[in-house]
Amino acid sequence: MGALGLFVRIVEAVNYRVGRIAMWGFFAMMAVLLWSSISKTFFNPSLWTLETAQFLMVSYFFLGGAYAIQMGSNVRMDLFYADWSERRKAAVDVCTVFFLLFFLAVLLRGGVDSLIYSLTYGERNPTAWRPLLWPVKAAICLGIVLMILQSLAELARDAARLRGVDLGPRPFEKAR
């Protein structure tokens with residue numbers, strides 16, 4: 001499990017750091033929206049604030065997705081799952097992660113096609129400000145790739161748990 005354990009540790013360390021950095025994006029979005037409110041009330045309204053806040057929210061959501069998977073914060077049907085043993089949870093997760101991977105692969109395919117289109121044609125949002133769309137589409141694609149890698153790391157952890165192998169603590173378990 002040496003190479004697999006190294007893969008899991010690297011993926012989890014990267015996603016932990018990206019997720020922690022993405023958290024600050026929420027505060028950046030709040031600052032932009034606060035400026036939007038102030039400028040609309042006391043000055044001339046800014047053209048860029050609403051779209052910037054939307055782009056920050058999309059980036060926050062997608063770049064934080066892998067971190068949410070890592071922390072177990074994703075939505076799960078806990079009706080039965082919560083009462084199961086760790087081994088049974090791992091067995092079910094090994095089976096169901098393939099649905100997530102399929103969904104993420106389809107999402108990535110569409111995201112990459114959209115990103116290529118944006119880069120090729122210099123796509124802009126059809127508003128008065130007209131910002132380029134490729135930066136937010138690149139963040140979406142990066143976030144999806146990180147979620148795929150984290151899902152594979154979760155698959156490896158669950159498979160190792162079924163075999164009775166411990167891959168070590170997660171990055172957030174070390175931080176506590």
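Helices H5 (residues 86-121) and H6 pack with their axes 8 Å apart, at an angle of about 160°. That angle makes H5 roughly antiparallel to H6, and the crossing of the two is left-handed. You're looking at a predicted model, where local features need pLDDT of at least 70, side-chain atom pairs count only at pLDDT 80 or more, and totals for chains, interfaces and linings use all residues. Residues are numbered from 1 along each chain as its sequence is written, and side-chain values use heavy atoms, with hydrogens and water left out.

**The overall picture**

- The protein has 7 helices and 0 strands, where helices (H or I, at least four residues) and strands (E, at least two) are DSSP runs, numbered from the N terminus.
- Follow the sequence along and you get the pattern α-α-α-α-α-α-α.
- The C-alpha trace of the protein spans about 65 × 35 × 30 Å along its principal axes.
- Of the protein's 176 residues, 37% count as buried (buried means under 20% relative accessible area, exposed over 50%, and partly exposed in between, with a 1.4 Å probe and protein chains only).
- Take the contacts in the protein with a separation of 6 or more: residues 24 or more positions apart account for 73% of them (contact means heavy atoms within 4.5 Å).

- The average pLDDT of the protein is 91, and 98% of the residues score at least 70; pLDDT is the predictor's confidence in each residue, from 0 to 100.
- Confidence is highest in helix H6 (residues 134-163), at a mean of 96, and lowest in helix H7 (residues 171-175), at 69.
- Where pLDDT is low, the predicted coordinates should not be read in detail.

**Reading the helix pairs**

- Two packed helices are described by the angle between their axes and the distance between the axes.
- Axes here are lines fitted to C-alpha atoms, for helices over the stretch in contact, and angles run from 0 to 180 degrees between N-to-C directions.
- Angles under 35 degrees count as roughly parallel, over 145 as roughly antiparallel, 65 to 115 as roughly perpendicular and the rest as oblique.
- A crossing is left-handed if the near helix is turned anticlockwise from the far one by less than a right angle, and right-handed if clockwise.

**H5 with H6**

- Back to the opening pair: the residues of the contact of H5 with H6 divide into 25 nonpolar, 4 polar and 6 charged (Ala, Val, Leu, Ile, Met, Phe, Trp, Tyr, Cys and Pro count as nonpolar, Asp, Glu, Lys and Arg as charged, and the others, Gly among them, as polar).
- Ser151 sits in helix H6 and counts as buried, at 1% relative accessibility.
- Leaving out residues up to four places away in sequence, Ser151 touches Ile69, Val97, Leu100, Leu101 and Leu104.
- In the loop between H5 and H6 you'll find Arg130, which counts as partly exposed at 42% relative accessibility.
- Arg130 has a phi near 55°, a positive value in a residue other than glycine.

**H1 with H2**

- The axes of H1 and helix H2 (residues 49-63) cross at roughly 160° and come within 9 Å.
- That makes H1 roughly antiparallel to H2, and their crossing is left-handed.
- Residues of H1 that meet H2 include Gly19, Phe26 and Trp35, and among those on the H2 side are Thr52, Leu56 and Tyr60.
- This contact of H1 with H2 divides into 14 nonpolar, 5 polar and no charged residues.
- Ser39 lies in helix H1 (residues 2-42) and is buried, with a relative accessible area of 1%.
- Setting aside neighbours within four places in sequence, Ser39 is in contact with Asn44, Pro45 and Ser46.

**H1 with H6**

- H1 also packs with H6, at an angle of about 135° and with the axes 9 Å apart.
- That makes H1 oblique to H6, and the crossing of these two is left-handed.
- Among the residues of H1 that meet H6 are Phe7, Val11 and Glu12, and those on the H6 side include Leu149, Gln150 and Arg157.
- The contact of H1 with H6 divides into 11 nonpolar, 2 polar and 3 charged residues.
- Ala160 is found in helix H6 and is buried, with a relative accessible area of 0%.
- Ala160 and Gly5 are 155 residues apart along the chain, with their C-alpha atoms separated by 9.3 Å.
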